Amino acid sequence: MFGKRSPGGTAAPALVLKTPAPAAPSRQPEPPPLAADTRRSPPPAAPTEQPRSDDYYQMKSMIFGALIEAIDLSQLAKLDGESAREEIRDIINEIISLKNVVLSIAEQEELLDDICNDVLGYGPLEPLLARDDIADIMVNGATRTFIEVGGKITLTNIRFRDNAQLMNICQRIVSQVGRRVDESSPICDARLADGSRVNVIAPPLAIDGPVLTIRKFRKDKLTLDQLVKFGAISPPGAEILKIIGRVRCNIVISGGTGSGKTTLLNCLTNYIDEDERVITCEDAAELQLQQPHVVRLETRPPNLEGTGAVTMRDLVKNCLRMRPERIIVGEVRGPEAFDLLQAMNTGHDGSMGTLHANTPRECLSRIESMITMGGFTLPSKTLREMICSSIDVIIQAQRLRDGSRRITHITEVMGMEGDVIITQDIMSYEILGEDANGKLMGRHTASGIGRPRFWERARYYGEEQRLATAIDALDQGEANAA
Ligand SMILES: Nc1ncnc2c1ncn2[C@@H]1O[C@H](COP(=O)(O)OP(=O)(O)O)[C@@H](O)[C@H]1O
Ligand SMILES: [Mg+2]
């Protein structure tokens, strides 16, 4: 045993009982004494389906207050996770019996877990973090937490005690990567131990309490074949993507936030040959390349004093001195676009990147504006020529309004006509209507081009026949029932 409880042991109950203390972290008014009916209120399981009653939160808050009074948190921090949990469980059990709280075994277990999560983990977020089916967790202040599952956003019953508890958890998350979030630095990016990406924006910038957004890391990344199964792309479309990846086309994947760009980029890297030297540059490492010869680089935000930042541009430039065969940029947001184009143009065929844009056309103009905004003063025609000679294919991903994700275009950059970049769709997605459940129906169609521009390249890599077959299959309008 440890903590503020007296060494004598006999005094312990008195200390444990010294609650609800005014200094307890809960800012709620003192909970009323428990009425008989409230003791049965907490639902035993299904953390996100059944809402918990206010009584549950009051009781939890009361017990939590008593616990915080009774333990010495600095001592607790010295224990390993398991023993700390044991210790906390012991004390809570003691509190429950001293306070005459009547709970079923299942209710008590749930409460124990809940409180252990608060003290040791990320509190109410724990059950959500443990789930594999969640893509995003969005916490808008203490009382509203949304999750995205299967493309659909739903409100959960997860609640934080108050904004202070939420802020505390945000702080705990970002302090693990050596950062700080408070009123003076209210915006912060971080990463959980499992690789999930975290963003926090706190008051006063966030008006209604801290806002925490977590893009959960999926260990079992989706494969191209799974995307076919989900109807995100047709089988011949997927075959063409595999060939594009294999024959070292320079690729930009374009799409909105959460449209599946990174997922697609990860899929395409599967078709890179084993013996190629690949260097990846990301803001937060998400890609999972299977090849043996991969170097992974990550940018670094500035430290607390505002110095020491390493930008994407720094990384991409440095990459070029590392003898890469392919360079992969997780997300192109700024002037590094220039360096990526340079790389694509100077013998690093098969380089790839993702970019935030809603159509392939917009993707091209975004690249142009990123470069001009980065302070490069190239005539726009020169710039477009550079884009044309660097990028072979744009793949467009989109999250449709029913939550489904589709690859809507495979578009080739053909060349210039006057001042205009000419593109040609190899494949596109057409929405045909909506079924009774509001799900969108559509199909992937070919644009009827005989030979894509990268035909020669495919021949060079011995993939000519495979490409011809895939293009034929596309042409036959192999519909992809969504
Ligand atoms: N075709 C798809 N079908 C279903 N889920 C998908 C599909 N593509 C991506 N996802 C999921 O959507 C979420 C966001 O994908 P991600 O690739 O990170 O998006 P982006 O990089 O565009 O922001 C991830 O959880 C991913 O597993
Ligand atoms: Mg991404």
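Colleague: What should I know about the model and its numbering before we start?

Modeller: This is a predicted model, in which local features need pLDDT of at least 70 and side-chain atom pairs count only at pLDDT 80 or more, while totals for chains, interfaces and linings use all residues. Residues are numbered from 1 along each chain as its sequence is written, and chains are lettered from A and ligands numbered from 1 in the order in which they are written.

Colleague: Thanks! How many helices and strands are there, and what makes a stretch count as one?

Modeller: The chain has 16 helices and 15 strands.

Colleague: Why is Arg-248 called buried?

Modeller: A residue is buried if 20 or more other C-beta atoms lie within 10 Å of its own, exposed if 12 or fewer, and partly exposed in between, with C-beta atoms placed from the backbone. Arg-248 has 23 other C-beta atoms within 10 Å, so Arg-248 is buried. Arg-248 sits in the loop between H9 and E7, and its phi is near 65 degrees, a positive value in a residue other than glycine. Most residues other than glycine have a negative phi.

Colleague: And what makes Arg-323 buried or exposed?

Modeller: Arg-323 has 9 C-beta neighbours inside 10 Å, so Arg-323 counts as exposed. Its loop lies between H11 and E10, and its phi, near 50 degrees, is positive too.

Colleague: What about Arg-451, with 12 other C-beta atoms within 10 Å?

Modeller: A count of 12 still falls under "12 or fewer", so Arg-451 is exposed. You will find Arg-451 in the loop between E15 and helix H15 (455-460). Arg-451 and Ile-426 are 25 residues apart in sequence, with 9.0 Å between their C-alpha atoms.

Colleague: How much of the chain is buried?

Modeller: Of the 482 residues in the chain, 36% are buried. Strand E6 (residues 211-215) is mostly covered, with 4 of its 5 residues buried.

Colleague: Which residues of helix H11 are buried, and how do you know on which side they lie?

Modeller: In H11 (residues 312-319), Met-312, Leu-315, Val-316 and Cys-319 are buried. They cover an arc of only 95 degrees around the axis, so they are on the same side of H11. The arc is that of the directions from the helix axis to the C-beta atoms. Their cover includes strand E8 (278-282), strand E9 (294-298), strand E10 (326-332) and helix H12 (336-345).

Colleague: Why are E3 and E4 said to stand at the edges of their sheet?

Modeller: That open sheet has 6 strands in the order E3-E2-E1-E6-E5-E4, with antiparallel pairing. Strands E3 (152-155) and E4 (187-191) each have a single partner strand, so one side of each is left without a neighbour in the sheet. Two strands pair if DSSP finds at least two bridges between them.

Colleague: How many bridges join E4 to E5, and E1 to E6?

Modeller: E4 and strand E5 (residues 197-201) are joined by 5 bridges and run antiparallel, with Cys-188 opposite Val-200. Strand E1 (residues 134-140) and E6 also run antiparallel, joined by 5 bridges, and here Val-139 stands opposite Leu-212.

Colleague: What is the order of the sheet with 9 strands?

Modeller: This open sheet runs E9-E8-E10-E11-E7-E12-E13-E14-E15, with mixed pairing. Its edge strands are E9 and strand E15 (440-446), each pairing on one side only. Strand E14 (residues 420-434) and E15 pair in the antiparallel sense over 7 bridges, and Glu-434 has Leu-440 as its bridge partner.

Colleague: Last one: which residues come nearest to ligand 1, and how is its shell divided?

Modeller: Near means that a residue's C-beta atom, placed from the backbone, lies within 6 Å of the molecule. Of the 15 residues around ligand 1, Ala-135, Gly-260, Lys-261, Thr-262 and Thr-263 come nearest. The shell divides into 5 nonpolar, 7 polar and 3 charged residues. Ala, Val, Leu, Ile, Met, Phe, Trp, Tyr, Cys and Pro count as nonpolar, Asp, Glu, Lys and Arg as charged, and the others, Gly among them, as polar. Helix H10 (residues 261-269) gives the largest share of the shell, 3 residues.

Note on methods: Helices (H or I, at least four residues) and strands (E, at least two) are DSSP runs, numbered from the N terminus. Two residues are in contact if their C-beta atoms, placed from the backbone, lie within 7 Å.
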